Amino acid sequence: MSEATSYRFESNTENINLQRALNRQKERIKHDELMAEREAVVRSELKVNQKAEWTENLEEASAARRMRGEKAAVKAEVAIASKALVAVRRAALREQIEQEYAMYEQELRAQGKAFYFKRE
């Protein structure tokens with residue numbers, strides 16, 4: 001029995017198998033850590049890409065909203081300008097009619113005549 005016991009300690013076959021198992025475990029752990037780091041990088045880049053896409057979409061939506069607002073403002077300005085133009089034209093026509101009326105009245109007075117107004 002002493003020979004078997006001493007042979008076991010001298011051969012160290014179990015110790016070699018244990019070292020191999022430990023080395024395989026270390027390699028697996030290194031590989032797992034490497035894969036975890038790579039997955040973290042991919043997740044990080046995915047988040048950055050999502051934020052960038054969100055920002056781009058936000059800018060596009062903001063630009064579209066701003067354009068709609070500006071378009072509405074321009075439309076309102078055009079409507080106001082149109083009303084102002086009509087008011088200016090009416091005032092000019094009214095002034096022209098008054099001048100023509102005064103001119104015709106002066107001509108009729110020179111002839112000794114006047115406009116007829118019906119009394120009510």
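**Notebook: one chain, two helices**

I began with Glu-105, which counts as partly exposed because its relative accessibility is 26% (buried is under 20% relative accessible area, exposed over 50%, partly exposed in between, with a 1.4 Å probe and protein chains only). The model is predicted, so I noted that local features need pLDDT of at least 70 and side-chain atom pairs pLDDT 80 or more, while totals for chains, interfaces and linings use all residues. I number residues from 1 along each chain as its sequence is written, and side-chain values use heavy atoms, with hydrogens and water left out.

**Entry 1: the whole chain**

I looked up the secondary structure and found 2 helices and 0 strands in the protein chain (DSSP runs, H or I of at least four residues for helices and E of at least two for strands, numbered from the N terminus). Helix H2 takes in residues 13–111. How much of the chain counts as buried? The figure is 0% of the 120 residues. I put the accessible surface of the chain at about 11800 Å², and carbon and sulfur atoms hold 56% of that (Shrake-Rupley method, 1.4 Å probe; for residues, only the protein chains shown count as cover).

**Entry 2: salt bridges**

I counted 3 salt bridges (a side-chain nitrogen of Lys or Arg within 4 Å of a carboxyl oxygen of Asp or Glu).

- Arg-28 and Asp-32 are joined by a salt bridge at 3.4 Å, N to O. Both sit in helix H2, 4 residues apart, which is about one turn of the helix. Asp-32 is partly exposed at 40% relative accessible area, and Arg-28 is partly exposed at 46%.
- Glu-39 and Arg-43 meet in a salt bridge at 3.6 Å, N to O. I found both in helix H2, about one turn, or 4 residues, apart. Glu-39 has 43% relative accessibility, so I list it as partly exposed.
- Glu-105, where I began, has a salt bridge to Arg-109 at 3.5 Å, N to O. The two lie in helix H2 with a spacing of 4 residues, about one turn of the helix. Arg-109 is exposed, since its relative accessible area is 61%.

**Entry 3: an aromatic pair**

Why is the pair of Tyr-101 and Phe-115 called stacked? The ring centres are 4.8 Å apart and the planes stand at 10 degrees, so the pair counts as stacked. Tyr-101 belongs to helix H2 and Phe-115 to the segment after H2, so the pair ties together parts 14 residues apart in sequence. Tyr-101 is partly exposed at 34% relative accessible area, and Phe-115 is partly exposed at 33%.

**Entry 4: surface patches**

Which residues form the nonpolar patch on the surface? I noted Tyr-101, Met-103, Tyr-104, Phe-115 and Phe-117, with about 510 Å² of accessible area together (patch residues have over 30% relative accessible area and no salt bridge; like charges are joined within 9 Å, and nonpolar side chains, namely Val, Leu, Ile, Met, Phe, Trp and Tyr, within 5 Å). Met-103 is placed in helix H2 and is partly exposed at 39% relative accessibility.

I also found a negative surface patch made by Glu-53, Glu-56, Glu-59 and Glu-60 (Lys and Arg count as positive, Asp and Glu as negative, with His and the chain ends not counted; a charge is placed at NZ of Lys, CZ of Arg, CG of Asp or CD of Glu). Glu-60 lies in helix H2 and counts as exposed, because its relative accessibility is 54%.

Technical notes
Phe/Tyr/Trp six-rings, centres within 6.5 Å; stacked < 30°, edge-to-face > 60°.
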